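Please look over the notes below with the model open.

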Amino acid sequence: MKYLRAVSLEGLRRHPPAHFVLPHSVTEDTVLDGKFMIPKNAAVNFMVAEMGWDPQVWEDPMAFKPERFLEGGEFDLTGSKEIKMMPFGAGRRMCPGYALAMLHLEYFVANLVWNFKWEAAGEVDLTEKPEFTVVMKHPLEVKLSPRVKASSQ
Ligand code: HEM
């Protein structure tokens, strides 16, 4: 189960469905780090995908390695201690559905792997393209065969 969660987290890090959060703003002019002036009411956004690909934070960031989430205990998805990635945003406006989404992701992936044998039917190209969320530019083509014989009932 730990590896299943690690695969889901690595998927969200490497291929977050949203590359930006909903637009935020500040209620008064704010200077960040003494360097960056954020004017009142300006739309502020966050480069969600790039944060998860930061080579100063993640070793070999573009590689898909679920094992990176197996060390160091439960990963803090809410970013309450530190923010290493934020596929669901962070802070007060963080996605309120994140726990439900994680539950569904794990349930969905587990059932896809448990019930079917997967074979690529062509080249697997993980290039992305933006739609309402970010999706695969070239849809996955696979041969699926059931792993478990259908029950006689
Ligand atoms: C993999 C699945 C999901 C991803 C990656 C995702 C991601 C996000 C992100 C990035 C935001 C913006 C956070 C911010 O502005 O700081 C957001 C907001 C939101 N999400 Fe999700 N979400 C997911 C699933 C869900 C589900 C299952 C629900 C509801 C059951 C949900 C409900 C919402 C709502 C209501 C907001 C707006 C919160 C606000 O502005 O205060 N999301 N989500």
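1. His24 uses a polar side-chain atom, 2.8 Å from an oxygen atom of the ligand. For Arg93 the side-chain distance to a ligand oxygen atom is 2.7 Å.

2. On provenance: this is a predicted model, where local features need pLDDT of at least 70, side-chain atom pairs count only at pLDDT 80 or more, and totals for chains, interfaces and linings use all residues. Residues are numbered from 1 along each chain as its sequence is written, and side-chain values use heavy atoms, with hydrogens and water left out.

3. Which residues come nearest to the ligand? They are Leu22, His24, Phe88, Arg93 and Cys95, out of 13 around it. Here "around" requires a heavy atom within 4 Å.

4. Cys95 deserves a check. Its SG is the only protein donor of the ligand's iron atom, at 2.3 Å. Donors are N, O and S atoms within 2.8 Å of the metal (3.2 Å for Na, K and Ca); water is not among the atoms, so sites may look incomplete. Cys95 sits in the loop between helix H2 (48–52) and helix H3 (98–115). Helices (H or I, at least four residues) and strands (E, at least two) are DSSP runs, numbered from the N terminus. An unreviewed UniProt entry annotates Cys95 as "binding site"; such annotations may be inferred rather than shown by experiment.

5. Is Ser8 buried or exposed? Ser8 is buried, because its relative accessible area is 7%, and the cut-offs are under 20% for buried, over 50% for exposed and partly exposed in between (1.4 Å probe, protein chains only). Cys95 is partly exposed at 29%. Thr27 is exposed at 68%. Ser8 lies in helix H1 (residues 2–14). Beyond four places in sequence, Ser8 touches Met102, Leu105 and Glu106, contact being heavy atoms within 4.5 Å.

6. The largest nonpolar core has 11 residues, among them Leu9, Trp58, Phe75, Phe88 and Met102. H1 gives the most to this core, with three residues. A core is a set of buried Ala, Val, Leu, Ile, Met, Phe, Trp, Tyr and Cys residues joined through side-chain atoms within 4.5 Å.

Notes
A polar contact is a pair of N or O atoms within 3.5 Å; within protein, one must be able to donate a hydrogen and the other to accept it, and residues adjacent in sequence count only if both atoms are side-chain atoms.
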